[in-house]
Amino acid sequence: MTDMEKPWHQVVLETLKKNDIGLVPYVPDRVFTPLIKALHADDFFTTFPCTREEEAVGIVTGAHMGGMRAAVLMQTSGFGTIANAIASLVCPSQIPAIIFVSERGTLGEFNLGQALVCRTMRPVLDSLGIETHTITRHDELAFIVDRSIKQALATQAPVTFILSPLLTGGKVFAA
Amino acid sequence: MTQNPAHGAHNAKVMNRFDLTKRAVAHLKHEEAVIGGIGNTNFDLWMSGQRPQNWYMLGSMGLAIPIALGVAIAQPKRHVVALEGDGSLLMQLGCLATVAMRRPANLTMVVWDNGMYQITGGQPTASASVADIVAVARGCGLVKSAWATDEDDFERLFAAALKDGGPTLIAARIDDKPGTGTTDRDPVQIRQRFMMGLGTRK
């Protein structure tokens with residue numbers, strides 16, 4: 001099966017595995033549910049829910065220092081809670097935290113709060129100079145994630161992947 | 001501390017963080033990792049002697065235990081100790097539930113409870129009057145959680161945690177003495193030395 005024939009979450013899982021990313025703490029998200037289920041079903045991964053996103057960022061930091069590669073999954077609103085953890089821990093310590101964000105707040109959002117917190121995400125990432133890719137196209141997914149994980153590890157810098165509803169389908173609402 | 005008589009620590013002796021930090025470090029014989037929480041907690045760890053396996057947290061208040069959990073998952077054969085203050089832990093209580101769910105046998109959490117946000121001016125924490133850190137930990141599922149009643153009891157609990165495995169949480173009432181020094185504020189150097197100490201960097 002080619003990457004184009006696989007669902008997006010399978011491409012992400014396989015790219016994580018290919019890069020030996022064995023630890024994936026997360027805070028749940030509806031759109032990420034198939035990815036989270038697949039991670040739990042695969043013995044290669046140690047994956048579990050955290051109570052807060054910054055907790056997951058702390059775990060990823062400790063794991064990196066202990067020699068284990070790790071990524072974290074969260075939703076847009078969860079990213080809104082981690083500015084201090086990435087600004088005062090990840091960036092100054094040069095931790096290659098690999099952050100996947102399921103993008104809400106755009107392309108059909110119905111919750112004003114989600115729409116507003118979404119607008120805070122990119123300015124925070126930009127102000128800290130964090131490598132960020134908004135992924136909208138399935139044909140670019142594996143390339144962007146694989147190359148950017150390698151870059152993060154090689155340059156000891158965090159990377160954020162914002163997975164757009166254009167890629168994942170997003171959360172669908174009744175009009 | 002003017003405590004509720006139902007508080008689990010009401011009979012515990014008020015001790016000193018630097019003294020207990022030195023006592024804890026003296027028990028470390030197998031290159032155990034130590035994660036020092038923000039402020040006076042890591043200042044006193046720094047002043048106790050800079051072991052290569054010590055890591056000092058300069059920001060990210062509340063994340064000492066999650067960081068220690070990450071190290072414990074990555075290095076299951078190495079025991080990991082988190083040192084954390086009451087105010088910091090109250091900011092991130094959920095991490096206790098996560099630790100209980102993961103059940104890392106190689107993780108020991110020590111909580112210094114002076115009932116105040118000491119470094120910001122001594123404002124009272126909820127643990128000064130009502131919140132019982134050990135009761136919270138047990139409620140999160142951390143069965144091996146206890147107040148240290150005095151210095152000897154602290155050393156006994158700490159040695160048992162290292163020997164028998166956990167996860168274990170030990171809480172100690174401490175006085176209002178400030179940290180005995182300050183950590184060099186160089187996060188990259190701290191991280192690099194720690195990774196060399198853990199054998200994950202050359």
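Colleague: What makes you say that both faces of strand E1 (residues 33–36) of chain B are covered?

Modeller: Ala33(B) and Ile35(B) on one side are buried, and so are Val34(B) and Gly36(B) on the other. Buried takes 20 or more other C-beta atoms within 10 Å of the residue's own, exposed is 12 or fewer, partly exposed is in between, and the C-beta atoms are placed from the backbone. Bear in mind that this is a predicted model: local features need pLDDT of at least 70, side-chain atom pairs count only at pLDDT 80 or more, while totals for chains, interfaces and linings use all residues. Residues are numbered from 1 along each chain as its sequence is written, and chains are lettered from A and ligands numbered from 1 in the order in which they are written.

Colleague: Which strands does E1(B) pair with?

Modeller: Strand E3 (residues 80–85) of chain B pairs with E1(B) in the parallel sense over 4 bridges, and Gly36(B) has Leu83(B) as its bridge partner there. Strand E2 (residues 54–56) of chain B also runs parallel to E1(B), with 3 bridges; Trp55(B) in E2(B) is opposite Ile35(B). Pairing requires at least two bridges found by DSSP, so both cases qualify. Strands (E, at least two residues) and helices (H or I, at least four) are DSSP runs, numbered from the N terminus.

Colleague: Why is His10(B) called partly exposed?

Modeller: Because His10(B) has 13 C-beta neighbours inside 10 Å. His10(B) sits in the segment before helix H1 (17–26) of chain B, and its C-alpha atom is 9.4 Å from that of Thr149(B), 139 residues apart along the chain.

Colleague: And what puts Leu166(A) in the partly exposed class?

Modeller: Leu166(A) has 15 other C-beta atoms within 10 Å, so it is partly exposed. Its place is in helix H8 (residues 165–168) of chain A. Leaving aside neighbours within four places in sequence, Leu166(A) is in contact with Leu107(A) and Thr136(A); contact means C-beta atoms, placed from the backbone, within 7 Å.

Colleague: What is the strand order of the sheet in chain A?

Modeller: The 6 strands form an open sheet in the order E2-E1-E3-E4-E6-E5, with parallel pairing. Strands E2 (46–49) and E5 (131–135) of chain A are the edges, as each pairs on one side only. Inside the sheet, 5 bridges join E3 (residues 69–75) to E4 (residues 98–102) of chain A, and Leu73(A) is opposite Phe100(A).

Colleague: What makes a set of residues a nonpolar core?

Modeller: They must be buried Ala, Val, Leu, Ile, Met, Phe, Trp, Tyr or Cys, joined through C-beta atoms within 7 Å. The largest such core has 111 residues. Among those with the most contacts inside it are Val57(A), Ile35(B) and Ile170(B), and helix H3 (residues 64–74) of chain B gives the most, 9 residues.

Colleague: How many residues does each chain bring to the contact between them?

Modeller: Chain A brings 25 residues and chain B brings 27. H3(A) supplies the largest share of chain A's side, 9 residues. By class, that side has 11 nonpolar, 11 polar and 3 charged residues; Ala, Val, Leu, Ile, Met, Phe, Trp, Tyr, Cys and Pro count as nonpolar, Asp, Glu, Lys and Arg as charged, and the others, Gly among them, as polar.

Colleague: What are the ipTM and pTM?

Modeller: The predictor gives the complex 0.97 for ipTM and 0.97 for pTM.

Methods:
Contact = placed C-beta atoms within 7 Å.
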